[in-house]
Amino acid sequence: MLVFEAKLEGLAQQYERLDEAIRTARFVRNSCLRYWLDNLGMGKYELSAYCAVLAALFPFAGKLNSQARQASADRAWSSIARFYDNCKKNKRGKKGFPRFKKHQTHGSVEYKTTGWKLSFDRRTITFTDGFEAGSFKMWGTRDLHFYQLKQIKRVRVVRRADGYYVQFCIDQERVEKRKPTGKTVGLDVGLTHFYTDSDGQTIENPRHLRKSEKAIKRLSRKLSRTTKGSKNRVKARNRLSRKHLKVSRQRKDFAVKLARCVIQSNDLVAYEDLQVRNMVRNRQLSKSISDAAWSAFRQWLEYFGKVFGVVTVAVPPHYTSQNCSNCGEVIKKSLSQRTHRCHHCGFVIDRDSNAAINILELALRTVGHMGTLNASGDIDLCIGEATPQCKPSRGKRKPKK
C-alpha cells in the first residue's frame, strides 16, 4: 500500500466546510464509542449499522458520506480491538482503554471509493458529499498519473497547523531493485552520536528539539499571555503548532534519508531491540531519547528492508556494551565510561563501537527475531547475494527410493 500526499489550495469558505466534515467524523467516532460503552459486547458490524441510525437522528451527520461514516466507525472499533488484544496478551501497564477524541489542531476525515472525484489531469479533487466543499487544487504530487482510479482505496483529508492535506492510499506493492554489496553492519544507537556502526563510523545526533527549544519557549510564553477565547490566542497557538510541526518533519526527514542510505549500502543490518517506552521513564534522559526518535528510525529501516529485499535483524540489547568483542569477557562499566578496556586481553575500543560489533555478531549467530526479516524470510539467500524467493521457504520432499 502506497500513500501519496498533496496540499489542498482553496478558499476560506471551503476550509470551513472541511472543518465541518472533520468535526462530523469525530462526532460519529465518539458516538460509536459511546454506543459500545452503553452496550458492551457489540461488534464491528453493529457499530457500522449504528452509523445509519446517527444519519437519521442528526441531519449534519447525514451530510457526511456514508462510507466516511463507516470509516469513522472502523476507527472506533480499531481502538476497541486494540484494547481487547492488549488485555488478551496481558500487556504490562495500561491496556489503552478507548477514549473520546477532543477538538485538536490536527484532525482528519476518511473517504473510501465515493464522496470525491479527481479531475482529468489529476491535479484537482472535488468532494461531492453533503457538505459541498467544492474543488481544491493539489500541490506536491504528480505520481497519481501512473495509477488507475480503481487502485485508490482511501482518500483522507488531514488538517494540520499549516493547512489541509489530502492523502491517497493506493493498492500497489513497492519493490525496488538494488545490487548486492556483500556488506553487513551492526548499529548501536546512542545520545552522543545518533548511531555507531560496527565499522567505527558515527553519525552525529541532530537534536532538532534542542535546537528549536529556545524558539518554542518564547512562543509558549506569548501564548500564555493571551486572553482565552481571543483571536490573538488562536494565532499564537497556530504559530506554536507550526514550530512543533517543523521539528517533527525534521525528525522524519532525517530518519527516512538515513535509513534508506543504510539499507542500500548493506545486505544485512542488525540493531538493538530497544524498549523505548520503558527507557523514556528516566526523567533525566526522556527528552533526549524522544528527540533522537529511535523508534521512527527502526520503523523506516524495516520498511526499506522489505522494499529493497535487505535482511533487518533486531537482537536483544542485553550485555552488548559489557561483553568484550575481542575475547567475550564481561567487563562491567557505568554509563559515564565511554571507552571499553578489557583487562583480560588488553583490547581497547570505543564503547559504542564495541557494542555495534557485538550486535552484528549476535545477529549473524542467532538471527534475532524472525518477524523483523525481509518479506520473503530467506536469510541465507540474501547473504549469499542471491535473489530471494517469492514464497516462503518450504521443506523439500524426500526423494523416492
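## The sheet

Let's start with an open sheet of 7 strands, ordered 2-6-7-1-5-4-3 with antiparallel pairing. Strands here are DSSP runs of E with at least two residues, and helices are H or I runs of at least four residues, both numbered from the N terminus; two strands pair if DSSP finds at least two bridges between them. The edges belong to strand 2 (107–111) and strand 3 (116–118); each has a single partner strand, so one side of each is left without a neighbour in the sheet. From one strand to the next, the twist averages 30 degrees.

This is a predicted model, where local features need pLDDT of at least 70, side-chain atom pairs count only at pLDDT 80 or more, and totals for chains, interfaces and linings use all residues. Residues are numbered from 1 along each chain as its sequence is written, and side-chain values use heavy atoms, with hydrogens and water left out.

Strand 6 (residues 152–160) and strand 7 (residues 163–170) run antiparallel and are joined by 8 bridges. R160 stands opposite G163 in strand 7. Helix 4 (residues 66–88) packs on the sheet and touches strand 2 and strand 6, contact being heavy atoms within 4.5 Å. The direction of helix 4 makes about 120 degrees with that of strand 2; axes are lines fitted to C-alpha atoms, for helices over the stretch in contact, and angles run from 0 to 180 degrees between N-to-C directions.

## Aromatic pairs

Searching the whole structure turns up 21 aromatic pairs. Rings of Phe, Tyr and Trp (its six-membered ring) pair if their centres lie within 6.5 Å; planes under 30 degrees apart count as stacked, over 60 as edge-to-face and the rest as tilted. F127 and F136 make an edge-to-face pair, 5.9 Å centre to centre with 70 degrees between the planes. F127 counts as buried at 2% relative accessibility, and F136 does at 0% (buried is under 20% relative accessible area, exposed over 50%, partly exposed in between, with a 1.4 Å probe and protein chains only). Both belong to one aromatic cluster, along with Y15, Y111 and Y164.

Y195 and F297 are stacked, because their ring centres are 6.1 Å apart and their planes are at 20 degrees. This pair links distant parts of the chain, 102 residues apart: Y195 lies in strand 9 (residues 193–197) and F297 in helix 9 (residues 294–308). Y195 is buried at 8% relative accessibility, and F297 is buried at 4%.
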